[in-house]
Amino acid sequence: MSEHVRTQEEIAARVKALESILIEKGIMTTAAVDRLVEIYENEVGPQLGAKVVARAWTDPDFKQRLLADATGACAEFGIGGLQGEDMVVVENTADVHNVIVCTLCSCYPWPVLGLPPNWYKEPAYRARVVKEPRKVLRDEFGYDLPGSVEVRVWDSSSEMRYWVLPERPEGTGGLSEAELAGLVTRDSMIGVGPAASPVS
Amino acid sequence: MNGVHDLGGTDGLGRVEVPETEPVFRAEWEKAAFAMFSMCFRAGFFGVDEFRYGIEQMHPAVYLLSPYYEHWVHTVEHYGQAKGLLDMDELDRRTQYYLEHPDASLPQRDDPDLVAFIEAVVPAGAPAGRESEKAPRFKVGDQVTVRADSPLGHTRRARYTRGRTGEIVLAHGTFIYPDSAGNGGGDAPEHVYTVKFTNAELWGPDTAEPNGVVYFDVWEPYIVPADTTGAAA
């Protein structure tokens with residue numbers, strides 16, 4: 001167990017050394033790294049969760065299925081897989097606000113949100129959001145919840161992957177499902193912000 | 001283990017740093033470190049619970065100060081060394097080489113099976129649910145208390161929940177038990193439940209924010225029936 005905190009240059013050299021050994025042992029290839037990176041940079045991200053949310057906003061039957069069995073409902077879109085094998089969606093309402101965290105590591109629903117932002121994985125958010133969620137949302141994310149709204153924090157300690165169905169914004173009655181999906185932000189599905197309002 | 005990774009409720013860690021935007025990977029090395037998880041998993045370095053336990057054994061100061069994906073590098077090294085899959089002297093020697101020659105290229109090998117593995121595992125996942133004949137000891141609505149002792153080795157029984165009492169609100173079925181699989185044992189499936197705790201139960205009435213709850217998932221051995229006779233649990 002080393003107590004040396006490596007510089008970026010040292011980490012880069014260490015990773016390259018490790019990768020070179022793993023390549024020679026037949027465990028890794030640069031082509032496989034490139035493909036995996038391409039998937040999470042370009043194919044799997046919050047745009048997928050946004051499609052699911054927009055459907056739930058416009059189709060009450062689908063919303064019911066999503067809240068009862070998120071994994072099955074997402075599979076209707078062909079969405080699912082690694083780090084989302086067992087998903088649970090929790091619904092925000094006028095009276096209830098949900099927010100997700102993983103205090104023990106960095107569990108996050110990859111198939112619908114992609115890879116987590118760094119702040120989600122870093123110590124401050126993980127330590128604080130279970131203890132002072134209102135303060136974290138207000139001071140760090142500019143999202144001030146009224147005292148009348150119950151705040152529910154979901155600590156992803158098992159392999160269940162929680163994510164949030166945000167409230168549909170006001171004034172979106174005439175929007176198409178695709179336009180609605182454009183309002184669904186990553187942060188709104190983590191629960192650290194609302195869905196975006198339509199540009200008037 | 002009572003490790004620094006068990007962060008829930010820790011004070012003094014400062015602001016949450018939220019940049020306006022950031023790339024999925026902030027450096028080239030993060031891409032390779034990220035990919036090592038899937039490929040070393042395939043090669044038998046670790047299961048996901050062991051993977052986490054390797055990270056938990058990092059030096060606590062380094063854990064807190066290092067960029068996130070470096071944690072993944074540590075656990076690959078940890079199991080590579082422990083299972084005799086990596087020659088650490090060779091790793092040190094090559095590290096020195098790449099420090100002195102940061103633009104030196106990597107060895108090239110082709111293996112279409114590895115790309116095919118990536119294409120298959122991302123959409124299919126690696127489910128942790130496991131069949132079990134065990135009947136559940138608890139049901140939704142039960143009041144339960146999380147065991148308060150300090151287990152050695154890997155556990156998901158976070159300190160801030162230990163000794164606390166809440167209500168089971170969801171029952172998920174049986175899953176790999178991290179306290180077994182993370183410590184080199186078998187899957188040993190156990191029932192998983194979601195327990196709802198009030199903020200006041202977790203943090204005390206003087207510290208707790210009003211009108212809030214925390215949901216935390218437990219495996220059945222983590223909990224006992226709450227003592228409802230009025231004595232403190």
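Predicted model: local features only at pLDDT ≥ 70, side-chain atom pairs only at ≥ 80, totals over all residues.
**Strands across the chains**

**Where chain B touches chain A**
- The contact brings together 77 residues of chain A and 83 residues of chain B.
- On the chain B side, helices H1 (28-42), H2 (48-56), H3 (60-65), H4 (68-82), H5 (88-100) and H6 (112-124) each supply at least two residues, as do strands E2 (165-175) and E4 (212-219).
- H1(B) gives the most to this side, with nine residues.
- Sorted by class, the side of chain B that touches chain A holds 51 nonpolar, 16 polar and 16 charged residues.

**Domains of chain A**
- Chain A is divided into domain 1, residues 8-42, and domain 2, residues 45-190.
- Taken over C-alpha atoms, the centres of these two domains of chain A are separated by 31 Å.

**Domains of chain B**
- In chain B, the assignment gives domain 1 as 28-124 and domain 2 as 143-225.
- Their C-alpha centres lie 30 Å apart.
- Six residues from domain 1 of chain B and six residues from domain 2 of chain B make up the contact between them.
- On the domain 1 side of that contact in chain B, there are four charged residues, one polar and one nonpolar.

Conventions. Residues numbered from 1 in each chain as written. Chains lettered and ligands numbered in written order. Domains from an automatic or database assignment. Contact = placed C-beta atoms within 7 Å. Helix = DSSP H or I, 4+ residues; strand = E, 2+ residues; numbered from the N terminus. Nonpolar A, V, L, I, M, F, W, Y, C, P; charged D, E, K, R; others polar.
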